[in-house]
Amino acid sequence: MLRISVGHILSCCLLICFCATGLWAKERVLQQSILDLQARIESYVPDERYRDDAFGLVVVKDAIVSLKAGSGGIGACLVDAKTGEVVERGRNRQYSPHFRSDMHGEMDLLNRYEDRVQKMGGGNSGNDPRQCGELILFTSTEPCPMCLTRIINSGIQRMYYINPDLDGGMAHRMEQLPPFWQKFAAGRDFRQAECSPRLQKIAEDLFRHSVRSFAKQKE
Ligand SMILES: [Zn+2]
């Protein structure tokens with residue numbers, strides 16, 4: 001016959017309290033870390049010695065919004081190189097308001113741009129909807145394979161990322177794309193942006209905050 005003593009009950013209660021306190025402390029550390037990152041971004045002034053610093057700041061400002069909303073810390077924007085204006089902004093929305101496996105920052109950005117301008121053409125129409133003029137895509141972290149092929153397919157010729165992603169980024173291994181995509185991407189300018197080391201570290205920390213915990217569970 002199973003006998004439960006007062007000692008057993010007390011031990012269980014203590015264990016539950018211990019685990020709950022641990023989770024609460026972990027959550028507090030996480031929230032404080034996000035607030036620290038936000039403070040670093042808010043106090044950052046673009047460094048004129050680095051050509052892309054101002055646009056780098058634009059994308060990390062959107063990345064922290066994503067992180068605070070529970071999604072990945074990645075932001076992206078489109079800049080008209082002729083005017084220097086930011087014409088579209090996007091950010092990771094993978095986990096908020098609900099799970100969307102396609103909603104990486106660059107995908108959100110291009111969805112917004114293409115839905116807004118609603119180009120017509122393709123096929124035998126004679127219009128090329130991939131004409132993007134002088135648009136430059138900036139993103140806070142190097143695009144994954146999905147986003148890189150989307151950027152290639154969009155027609156955008158220039159893409160600069162702030163933080164390199166050696167594990168999951170595709171831009172530094174273009175030669176591993178399927179042959180069609182390699183030819184389609186030929187001549188494009190895809191590379192790391194010219195930003196200060198301090199801004200690059202902010203972009204990296206934003207990315208690492210949310211990076212692939214679901215995949216780490218399999219390791
Ligand atoms: Zn992606």
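Predicted model: local features only at pLDDT ≥ 70, side-chain atom pairs only at ≥ 80, totals over all residues.
Q: What follows α2?
A: Gly70 does, and its phi is positive, near 95 degrees.

Q: Let's go to the nonpolar core. Which residues touch the most other members of the largest one?
A: Val59, Val60, Cys77, Leu137, Phe138 and Leu206 do, in a core of 41 residues. The elements that give two or more residues to this core are α2 (53-68), β1 (75-80), α3 (105-117), β3 (135-141), α4 (145-154), β4 (158-163) and α6 (197-210).

Q: Which of those gives the largest share?
A: That would be α2, with 7 residues. As a general point, nonpolar side chains in soluble globular proteins tend to be buried together.

Q: I'm curious about Leu137. What is Leu137 in contact with, leaving aside neighbours within four places in sequence?
A: Its contacts are Ala76, Leu78, Glu106, Ile151, Ile156 and Met159.

Q: New topic: the sheet. What's the strand order?
A: The order is β2-β1-β3-β4-β5, in an open sheet of 5 strands with mixed pairing. At the edges are β2 and β5 (189-192), each pairing on one side only. On average, neighbouring strands are turned by 15 degrees against each other, direction ignored.

Q: Which helix packs on the sheet, touching β3 and β4?
A: Helix α6 does, and its direction makes about 80 degrees with that of β4.

Q: Back to β1. Do I say parallel or antiparallel for β1 and β2?
A: Antiparallel, over 6 bridges, with β2 covering residues 85-91. Gly75 stands opposite Arg91 in β2, and Ala76 has Gly90 of β2 as its bridge partner.

Q: How many residues lie between the strands in that hairpin?
A: There are 4 residues between β1 and β2. In this hairpin Gly84 takes a positive phi, near 75 degrees.

Q: What about β1 and β3, parallel or antiparallel?
A: They pair in the antiparallel sense, over 5 bridges. Asp80 has Leu135 of β3 as its bridge partner.

Q: How many residues of β1 are buried?
A: The count is 5 of 6, so β1 is mostly covered.

Q: Now a single residue. Where is Thr149 found?
A: Thr149 is in helix α4.

Q: And why is Thr149 called partly exposed?
A: Because it has 18 other C-beta atoms within 10 Å. A residue is buried at 20 or more and exposed at 12 or fewer, so a count in between is called partly exposed.

Q: How far is Thr149 from Gln182, going by C-alpha atoms?
A: The two are separated by 9.7 Å, and they are 33 residues apart along the chain.

Q: Last bit, the overall picture. How many helices and strands are there?
A: The protein has 7 helices and 5 strands. From the N terminus on, the elements run α-α-β-β-α-β-α-β-α-β-α-α.

Q: What percentage of the residues is buried?
A: Buried residues make up 32% of the 219 residues. For contacts between residues at least 6 apart in sequence, 61% join residues at least 24 apart.

Technical notes:
Residues numbered from 1 in each chain as written. Core = buried A, V, L, I, M, F, W, Y, C linked by C-beta atoms within 7 Å. Contact = placed C-beta atoms within 7 Å. Pairing = 2+ DSSP bridges. Axes fitted to C-alpha atoms, helices over the stretch in contact; angles between N-to-C directions.
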